[in-house]
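Here's a walk through one protein model, from the overall layout down to single residues. Have a look at the structure first, then read on.

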Amino acid sequence: MDYQSGAVSPIESIQKGWDIIKNDYWVFFGMTAVSVVILIVASLIIGFINNIITGAIAAVFGMAVSNAGDVAKASSVIIPQLISLVISIFTNIIVATVSGALFCGIYSALSRKANTGVVEFGDLFTGFEKIQACLIVAVVTSLIGFVVGIVMLLGGAAVGVGAFSAGMLIQNGKLNPALIGGVLVAAFIFMLISLIINLIITALTMFVYPLIGERNLAGIEAILLSIKSGFSNIIGLVLLVILTFLMAIGGALACLVGILFVAPIIYAAYFAAYQSVFGPMRGGGFQNPPPPPSF
């Protein structure tokens with residue numbers, strides 16, 4: 001599939017996105033609000049089940065090692081947490097699959113609105129027709145996020161434990177201010193690097209769900225094409241992510257409720273950027289082509 005390079009203008013994407021939804025803003029607001037409610041309920045249910053399983057495992061291990069040594073007791077605390085972490089991979093996949101289907105529905109609605117001028121609230125649930133592709137995306141992104149999170153967690157823990165165990169933070173029985181400052185600077189740099197990585201990942205995967213929702217691409221195909229086109233438009237996409245992040249913060253300042261009012265504009269801005277890169281759907285995607293002229 002062909003795409004344009006350097007085609008994303010952050011300000012223009014936000015303006016075009018608003019032009020797409022402004023006449024049906026409250027329909028997209030309703031889609032966003034319902035999506036949030038569905039995801040919150042799904043997360044609470046799955047989290048509750050996860051806690052029950054982890055609690056039961058911890059209780060069994062606690063009873064089994066009640067009369068054992070310190071190592072066994074320490075293991076009874078760590079092992080349930082590791083099991084909980086493994087279970088969380090599957091729970092995250094479930095939530096990510098549902099959220100992906102809802103995102104596909106929103107982008108399908110945006111596509112229909114942009115191409116035909118018509119949108120219905122029920123378009124939100126058309127994304128569940130692409131649930132298989134959303135599941136593949138959820139599995140890939142969850143596993144990558146899990147591996148990256150474990151590596152970063154172990155790296156940070158190793159540095160912290162090493163510093164304390166070597167007594168580096170204590171000098172003459174007192175805390176070493178210079179070294180503490182160095183640790184804080186290192187932590188700040190670590191957080192900054194993490195933020196930059198998240199920005200780049202968000203930019204490179206921005207088109208995954210629009211490609212699935214509008215072009216019916218398979219999960220892996222959508223991921224690879226989104227990454228390729230994202231690299232060709234990385235500067236504009238990163239700036240767009242930063243601007244929309246600031247918009248979300250502004251909405252959050254309004255007692256968090258403001259995020260719901262800003263979210264439809266953010267989705268529309270991402271869709272407008274997607275259209276700038278891939279172009280509009282030929283034939284509108286929702287209309288049958290006209291019959292040939294009579295002889």
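## Overall layout

Reading from the N terminus, the elements of the protein go α-α-α-α-β-β-α-α-α-α-α. That makes nine helices and two strands, where helices (H or I, at least four residues) and strands (E, at least two) are DSSP runs numbered from the N terminus. Before going further, some ground rules: this is a predicted model, with local features needing pLDDT of at least 70, side-chain atom pairs counting only at pLDDT 80 or more, and totals for chains, interfaces and linings using all residues. Residues are numbered from 1 along each chain as its sequence is written, and side-chain values use heavy atoms, with hydrogens and water left out.

Of the 295 residues in the protein, 37% are buried; buried means under 20% relative accessible area, exposed over 50% and partly exposed in between (1.4 Å probe, protein chains only). The accessible surface of the protein is about 16,800 Å², and 73% of that belongs to carbon and sulfur atoms. Those areas come from the Shrake-Rupley method with a 1.4 Å probe, and for residues only the protein chains shown count as cover. As for contacts (heavy atoms within 4.5 Å), take those in the protein between residues at least 6 apart in sequence: 78% of them join residues at least 24 apart.

## Helix 1 against helix 8

Helix 1 (residues 10-21) packs with helix 8 (residues 234-252) at an angle of about 60°, the axes being 8 Å apart. The axes here are lines fitted to C-alpha atoms, for helices over the stretch in contact, and angles run from 0 to 180 degrees between N-to-C directions. Helix 1 and helix 8 are therefore oblique to each other; for the cut-offs, angles under 35 degrees count as roughly parallel, over 145 as roughly antiparallel, 65 to 115 as roughly perpendicular and the rest as oblique.

Who makes the contact? On helix 1 the residues are Pro10, Ile11, Ser13 and Ile14, and on helix 8 they are Gly236, Leu239, Leu240, Leu243 and Met247. Sorted by class, this contact of helix 1 with helix 8 has seven nonpolar, two polar and no charged residues. The classes put Ala, Val, Leu, Ile, Met, Phe, Trp, Tyr, Cys and Pro under nonpolar, Asp, Glu, Lys and Arg under charged, and the others, Gly among them, under polar.

Helix 6 has eight of its eight residues buried, so it is largely enclosed by the rest of the structure. The buried residues in helix 6 are Val208, Tyr209, Pro210, Leu211, Ile212, Gly213, Glu214 and Arg215.

Helix 6 also packs with helix 9, at about 75° and with axes 10 Å apart, and the two are therefore roughly perpendicular. Pro210, Leu211, Glu214 and Arg215 of helix 6 meet Phe271, Tyr274 and Phe278 of helix 9. That contact of helix 6 with helix 9 splits into five nonpolar, no polar and two charged residues.

Just after helix 6 comes asparagine 216, with a positive phi of about 60° although it is not a glycine. Asparagine 216 is in the loop between helix 6 and helix 7 (219-232), and at 55% relative accessibility it counts as exposed.

## Aromatic pairs

The structure has 15 aromatic pairs. Rings of Phe, Tyr and Trp (its six-membered ring) pair if their centres lie within 6.5 Å; planes under 30 degrees apart count as stacked, over 60 as edge-to-face and the rest as tilted. One of these pairs is phenylalanine 207 with phenylalanine 278, edge-to-face at 5.7 Å centre to centre and 85° between the planes. Phenylalanine 207 sits in the loop between helix 5 (177-204) and helix 6 (208-215) and phenylalanine 278 in helix 9 (residues 258-278), so the pair ties together parts 71 residues apart in sequence.

Phenylalanine 207 is buried at 0% relative accessible area, and phenylalanine 278 is buried at 9%. Both belong to an aromatic cluster formed by Tyr3, Phe207, Phe271, Tyr274 and Phe278.

## Two more residues

Serine 35 is in helix 2 (residues 25-64) and counts as buried at 7% relative accessibility. Leaving out neighbours within four places in sequence, serine 35 contacts Leu102, Ile106 and Leu124.

Isoleucine 131 is in helix 4 (residues 131-165) and, at 34% relative accessibility, counts as partly exposed. With neighbours within four places in sequence again left aside, isoleucine 131 contacts Thr97 and Ala101.
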